[in-house]
Amino acid sequence: MTNEALHRPIDALAVGEVALIAAIDRAGLDPGTAQRLCELGFDEGVDVEILHRAPFGGDPLAVRVGNMVVALRRDMARLIEVEP
């Protein structure tokens, strides 16, 4: 089994689960959004943790990245692949 088989989107993490960012699908983002995610600390190799989910599978997700807490819409979160 390869490491890629362990990758899953960040929105698949359980609340309290910590993982490493493995890849970001920048092709699925406009350049400004991709740049903003990078500025917020979303980059390969960085630890992230899901802190809160909106009820009923809605938006947003509260994600700790570094020392910041960021709200992400699920469609954007699905473009960020993580590994345990």
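Colleague: Hi! Which residues does Ile10 touch, leaving out those up to four places away in sequence?
Modeller: Ile10 touches Val48, Ile50, Val63, Ala77, Ile80 and Val82. Keep in mind that this is a predicted model.

Colleague: Thanks! And which residues touch the most other members of the largest nonpolar core?
Modeller: That core has 22 residues, and the ones touching the most other members are Ile10, Phe42, Val48, Val63, Leu72 and Ile80.

Colleague: Which elements give two or more residues to this core?
Modeller: Two helices are on that list, helix 1 and helix 2 (74–77). The strands on it are strand 2, strand 3, strand 4 (61–65), strand 5 (68–72) and strand 6 (80–83).

Colleague: What do nonpolar side chains tend to do in soluble globular proteins?
Modeller: They tend to be buried together.

Colleague: Switching to charges now. How many salt bridges are there?
Modeller: The count comes to 7 salt bridges. One of them pairs Arg26 with Glu44, with the closest N and O atoms 3.4 Å apart.

Colleague: Where do Arg26 and Glu44 sit?
Modeller: In distant parts of the chain, 18 residues apart. Arg26 is in the loop between strand 2 (18–24) and helix 1 (31–40), while Glu44 is in the loop between helix 1 and strand 3 (47–53).

Colleague: What about Arg36, which residue does it form a salt bridge with?
Modeller: Its partner is Glu39, and the closest N and O atoms are 3.6 Å apart. Both belong to helix 1, and because they are 3 residues apart there, about one helical turn separates them. Arg36 counts as partly exposed, with 46% relative accessibility.

Colleague: And which residue pairs with Arg73 in a salt bridge?
Modeller: Asp75 does, with 2.9 Å between the closest N and O atoms. Arg73 is partly exposed at 46% relative accessible area, and Asp75 is partly exposed at 42%.

Colleague: Last one: where does Asp25 lie?
Modeller: Asp25 lies in the loop between strand 2 and helix 1. Asp25 counts as partly exposed, at 37% relative accessibility. Its C-alpha atom is separated by 12 Å from that of Phe42, a residue 17 places away along the chain.

Terms used
Residues are numbered from 1 along each chain as its sequence is written. This is a predicted model: local features need pLDDT of at least 70, side-chain atom pairs count only at pLDDT 80 or more; totals for chains, interfaces and linings use all residues. Side-chain values use heavy atoms; hydrogens and water are left out. A salt bridge is a side-chain nitrogen of Lys or Arg within 4 Å of a carboxyl oxygen of Asp or Glu. Helices (H or I, at least four residues) and strands (E, at least two) are DSSP runs, numbered from the N terminus. Buried means under 20% relative accessible area, exposed over 50%, partly exposed in between (1.4 Å probe, protein chains only). A nonpolar core is a set of buried Ala, Val, Leu, Ile, Met, Phe, Trp, Tyr and Cys residues joined through side-chain atoms within 4.5 Å. Contact means heavy atoms within 4.5 Å.
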